[in-house]
Amino acid sequence: MSVESMDELLLDELKDLYSAEKQITKSLPKLAKAATSPELKQAFESHLEETKGQIERLDRVFQILGKSSKGKMCHGMKGVLEEGAEVLEETEKGDLRDAALISAAQRVEHYEMAGYGCVREYAKILGQKEIASLLDETLKEEEAADEKLGNIAKQVNRLASQAAA
């Protein structure tokens, strides 16, 4: 698809985010299972539920636009998630793996924050106030998830460094 207008760019980016969220819903249960920190496991599990809500919100956006969510693979998220999956192969279960899982998860959050921030602004420019509001809600959830992971990392990283010493 050739993108030739702001409307088309918005739609193209929304499809990319939709694909990303669908991929994330498949990865989060694996991360939760691999985590040993109860706080980290809970963070992954609660973010899975949040992500399902974000997909519903995107479904609403596509409904408002009268467009399909299908037709795009988010290769960027696929790569970020593949890198994160390497952590499971390269680290033993425990604090060090938890630290690496947090790093991988924060990369995912930052990728999403960049995408949602951009599409929210496109929606604003196009006068799509309801869509902008829905996207802003998701952006705030992604920012909160990143902050939560950062807070968990403070303890997990300390434990991981002590275990390695």
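**Salt bridges in a predicted model**

What you see is a predicted model, in which local features need pLDDT of at least 70 and side-chain atom pairs count only at pLDDT 80 or more, while totals for chains, interfaces and linings use all residues. Residues are numbered from 1 along each chain as its sequence is written, and side-chain values use heavy atoms, with hydrogens and water left out.

Let me turn to one pair, Lys72 and Asp12, whose side chains meet in a salt bridge at 3.0 Å, N to O. This pair links distant parts of the chain, 60 residues apart, since Lys72 sits in the loop between helix H2 (38-65) and helix H3 (75-90), whereas Asp12 belongs to helix H1 (residues 6-34); helices here are DSSP runs of H or I, at least four residues, numbered from the N terminus. Asp12 is buried, at 14% relative accessible area, and Lys72 is partly exposed at 31%, where buried means under 20%, exposed over 50% and partly exposed in between, with a 1.4 Å probe and protein chains only.

Now to a network of salt bridges, which links Arg120, Glu121, Lys124, Asp136 and Lys140. Within helix H4 (residues 95-125), Glu121 and Lys124 lie 3 residues apart, about one turn of the helix, and their side chains meet at 3.4 Å, N to O. In helix H5 (residues 129-164), Lys140 and Asp136 are 4 residues apart, with a salt bridge of 2.9 Å, N to O, and Lys140 is exposed at 51%.

Key. A salt bridge is a side-chain nitrogen of Lys or Arg within 4 Å of a carboxyl oxygen of Asp or Glu. Helices (H or I, at least four residues) and strands (E, at least two) are DSSP runs, numbered from the N terminus.
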